[in-house]
Structures are given as C-alpha cells and as structure tokens.
Amino acid sequence: MKVAVVGTGYVGLVTGTCFAEVGMDVTCIDIDQKKIDNLKQGILPIYEPGLEEMVTRNVSAGRLHFTTNLGEGIKDCDVAFIAVGTPPGEDGSADLKYVLAVARGIGENMNGYTVVVTKSTVPVGTAAKVHNELTQALEKRGANIEFDVASNPEFLKEGAAIDDFLKPDRIVVGVSSERAEEVMSKLYKPFLLNGHPIIFMDIPSAEMTKYAANSMLATKISFMNDIANLCEIMGADVNMVRKGIGSDARIGTKFIYPGIGYGGSCFPKDVKALIKTAAENGYQMQVLQAVESVNEAQKEVLFDKVKKHFGGELEGRKIAVWGLSFKPKTDDMREAPSLVIIEKLLAHGCSVSVYDPVAIPEAKHSLGDTVKYAKDQFEALVDADALLVVTEWPEFRSPSFEVVGKLLKQKVIFDGRNIYDPQEMKEIGFAYHCIGIRTDHKEPVAAASEKH
C-alpha cells in the first residue's frame with residue numbers, strides 16, 4: 001500500500017516510520033523545509049528511543065520518503081493521514097486550523113480514491129469538517145473523485161512509541177463506509193498477525209475514545225496525587241496505600257504512582273479540550289475540572305516542601321534539579337512540572353543548576369540562560385543547598401549517595417517521584433522529602449552561606 005502522512009511531529013513521524021517498517025511505501029510531508037532536509041539526513045526533530053535507527057533503515061531501503069510537496073506526497077496514495085498539531089487556544093479548545101488547511105490541500109491535489117484519516121487528536125465533529133473541506137476543494141477543481149474520511153486516534157506513549165505502534169493494545173478506527181473499513185483493515189493487517197485487536201466504530205465514537213482514554217488516565221494520576229497529599233497529612237504511607245488498592249484488578253497498578261503532576265503534549269491539552277467541548281454543548285465536566293485543578297496545584301508541591309524546609313528563607317540558595325522533561329525517555333518539555341518548579345525557585349531568589357540526559361536543548365527554549373546547565377548529574381550538585389529529583393530517569397535511581405552527600409552543601413533531597421527509600425535516606429544522614437509520606441526532620445536549617 002502507498003501511504004502519505006502529513007506532519008512530521010511526534011505522531012506523524014512515528015506513524016510513517018512504523019508503516020514503512022512493515023513494508024509499505026510511505027511519504028512524510030511537512031511545510032518546514034529545514035525539518036525535511038534534516039530528516040533526509042537522518043536528523044530527527046524529536047527524541048524517541050529506537051526511532052532514529054528505524055528512520056535511517058527505512059530511508060535506505062527506499063520505503064520512507066520526505067518532501068514538502070503535498071501534491072507529490074499524496075499522489076496515488078491509498079491512505080492519507082493528517083497528523084499536524086492541534087494546539088490549545090486560550091480557552092482550552094483545540095485549534096483545528098492546521099488540520100483543516102491540510103484537508104483543503106489534500107482535496108486540491110488528490111488524484112484518485114483516498115481514505116483521508118485524522119490521526120491528530122481532534123474534537124468530536126472534526127471529521128465532518130474535514131469532509132466539508134475536501135468536498136469544497138474538489139468542487140472548485142471540478143473533480144469527481146471519491147474519498148472517505150476516517151478517524152484513527154493514536155495511543156502512543158512517549159518513550160515507548162515504537163512498541164505501542166507495532167504491538168498495540170488496540171487499534172481504534174472510525175469509518176462511515178464499508179469501502180473505508182476494507183482499506184483500513186488492509187492497512188493494519190500486518191499489526192494484527194499477533195492477535196492485536198482492531199475495533200471499528202462510527203467516527204464520532206472514535207474521536208471521543210481518544211479524549212476519554214487520556215482523560216481517564218489523567219484522572220487516575222490526579223486522584224492518586226490527591227490521596228498522597230492526604231496520606232502525608234494523616235501519617236499514612238501512600239506507597240502502601242498504592243499497593244493495597246493496586247492489587248484490586250478493577251483498579252490495577254498503572255497510573256497510580258504519586259508524583260508532581262502530569263505534563264506533556266497530550267493529557268493537559270486533551271483534558272482542557274474535553275472540558276471546553278462539553279461547555280460548548282451545554283454540559284459541565286465536573287470530574288475533569290477537578291482533575292485539572294489538582295494537577296496544577298500538584299506541580300507546586302515540591303517547591304512548597306523546599307520553602308517549608310528552609311523556613312521560607314530561599315534568597316541566595318543554590319538548588320540542583322535532576323530531570324527536566326515531563327517524563328523519562330523523551331525530550332518533551334511541554335507542560336513539564338520542572339518549568340513550574342524552576343520558575344518558583346527563581347522568583348524566590350534561588351540560583352538553579354539543572355541536568356537532564358536528553359532534554360537540555362529543548363529546555364533552553366523555555367529557560368534560556370536563567371539556569372546553569374550541568375554536563376552531568378553530579379556537576380549540578382556542587383555547593384547546592386538541596387537536590388530536587390523531578391524526572392525519574394533510570395540513571396537517577398541508584399546514584400552514589402556518598403558522592404551526592406559530599407557535593408551538596410547540605411544533605412537534603414526533595415524527591416518528586418518517590419524513587420528512594422525514606423528509611424534508607426534517613427540512615428545515611430539525608431533530610432529526605434517525598435510525596436505522600438510524612439518525613440518529619442528536626443535538623444536545624446543552615447543559612448544559605450553555611451556549608452556542612
């Protein structure tokens with residue numbers, strides 16, 4: 001099959017590359033000439049484990065192509081994916097101008113029956129708008145070309161996107177004709193050989209499924225963070241609570257780890273968009289409004305612990321931060337809790353030294369020269385009053401605490417991901433603060449200028 005993917009961001013690039021990986025002829029299209037030139041040279045605009053090698057392999061095999069020419073890219077294709085961004089507007093609604101512009105462009109250039117698929121996360125009703133743009137473009141051309149519109153939401157986790165695409169939990173496809181269903185069945189046949197299910201449904205249900213899935217996961221995260229905060233007040237251990245409820249199969253163990261809030265390109269945007277969509281249709285999503293509120297507050301919890309520990313005296317202190325991306329195995333800084341925490345620290349007169357294995361280049365777009373960027377995790381610690389663990393990269397899980405203690409001015413750790421054991425930290429002489437576990441430390445707080 002011949003496949004076109006418009007948009008070479010996270011979703012589009014992973015989608016196109018994985019289809020090429022199973023033998024299809026794929027053309028990825030983008031208006032950014034520099035991005036396309038880089039991709040042809042194997043330089044990717046995103047970090048995703050294993051993707052660079054896969055892109056290089058399929059370009060060399062002649063199955064994966066990159067172009068800025070939409071007409072050339074969609075010529076004779078069976079399926080054309082729209083995978084451009086849908087950034088949130090100021091009111092939280094998804095901005096569809098890029099999606100609809102691509103739909104117009106496809107209508108102006110398609111030369112035969114094509115299934116046009118919305119891969120971007122879009123509100124319910126978008127497929128109808130895409131259909132209208134295609135119809136109008138074809139009418140202006142005076143072209144009598146048949147087409148179908150389908151919805152095929154992505155369920156890719158950053159850091160595990162390739163496995164998620166090649167070995168999906170499920171493939172959701174919204175269609176409105178048998179012909180479109182046949183084409184999409186053929187397209188996804190290579191991914192069904194190992195029993196991965198494909199679920200066909202009407203288009204509005206497919207569009208809603210994506211928002212509902214992400215909103216449910218965001219809800220689990222915010223619920224657990226709410227419980228963690230109460231555990232800390234009441235003297236309960238949230239890790240024990242998590243194990244106790246996670247053993248219930250109806251609840252499960254995933255997405256119930258307490259932390260400092262969710263971020264990234266999906267959860268914040270999709271929760272806002274679903275709240276806005278409901279409001280536009282006269283309905284109030286009360287649960288999701290609470291989810292969003294809890295998440296925004298949770299991003300400040302670690303800073304509040306820092307402020308409390310130092311008795312509000314933060315002016316002149318140096319704080320080390322491990323981890324900047326919103327989660328491990330990605331360089332994505334969108335809605336990252338680290339940005340909120342660092343902004344608060346800087347506003348209170350702290351100097352901040354940061355380290356992240358891959359996200360520093362991306363972080364510089366947001367943080368500029370307001371922080372010091374360390375070349376490794378230990379350089380960030382030198383003469384710092386405290387260490388904040390913000391992103392749970394594997395290399396942070398078992399550092400040499402002897403080295404950490406010697407480099408820090410004060411042996412203080414604020415763990416936003418609960419990756420260390422509180423008792424062990426206490427035994428080796430650290431003042432340790434985490435999420436959802438009360439850790440009462442009575443050690444005197446040293447002034448910013450003092451060293452231990």
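Which side chains meet in a salt bridge at 2.2 Å, N to O? Here are some notes to read beside the model.

1. **Ground rules.** This is a predicted model, in which local features need pLDDT of at least 70, side-chain atom pairs count only at pLDDT 80 or more, and totals for chains, interfaces and linings use all residues. Residues are numbered from 1 along each chain as its sequence is written, and side-chain values use heavy atoms, with hydrogens and water left out.

2. **The opening pair.** The answer is E232 and K305. A salt bridge here is a side-chain nitrogen of Lys or Arg within 4 Å of a carboxyl oxygen of Asp or Glu. The two partners sit 73 residues apart, E232 in helix α9 and K305 in helix α13, and they link distant parts of the chain. E232 is partly exposed at 21% relative accessible area, whereas K305 is buried at 12%. (Buried means under 20% relative accessible area, exposed over 50%, and partly exposed in between, with a 1.4 Å probe and protein chains only.) Helices and strands are DSSP runs numbered from the N terminus: H or I with at least four residues for helices, E with at least two for strands.

3. **Other salt bridges.** The whole structure holds 19 salt bridges. In one of them, the side chains of E335 and K299 meet at 3.6 Å, N to O. E335 is in the loop between β9 and α14 and K299 in the loop between α12 (286-298) and α13, so this pair ties together parts 36 residues apart in sequence. K299 is buried, with a relative accessible area of 2%, while E335 is partly exposed at 36%.

4. Elsewhere, salt bridges with shared partners join E296, K299 and E335 into one network.

5. **Helix α14.** Which residues of α14 (residues 337-347) are buried? They are P337, S338, I341, I342 and L345. These residues lie on the same side of α14 because they cover an arc of only 125 degrees around the axis, the arc being that of the directions from the helix axis to the C-beta atoms. The face turned away from this buried side carries the exposed E343 and A347. The buried residues pack against α13 (301-309), β9 (318-322), β10 (351-355), α15 (360-367) and β12 (386-389), where contact means heavy atoms within 4.5 Å. After α14 comes G349, with a positive phi near 85 degrees.

6. **The cores.** The largest nonpolar core has 58 residues, and W322, L324, L345, L388, I413 and Y420 touch the most other members. Such a core is a set of buried Ala, Val, Leu, Ile, Met, Phe, Trp, Tyr and Cys residues joined through side-chain atoms within 4.5 Å.

7. **A surface patch.** L230, I233 and M234 form a nonpolar patch on the surface, with about 340 Å² of accessible area together. L230 lies in helix α9 (residues 203-234) and is partly exposed at 47% relative accessibility. Patches are made of residues with over 30% relative accessible area and no salt bridge, with like charges joined within 9 Å and nonpolar side chains (Val, Leu, Ile, Met, Phe, Trp, Tyr) within 5 Å.

Key:
Accessible areas come from the Shrake-Rupley method with a 1.4 Å probe; for residues, only the protein chains shown count as cover.
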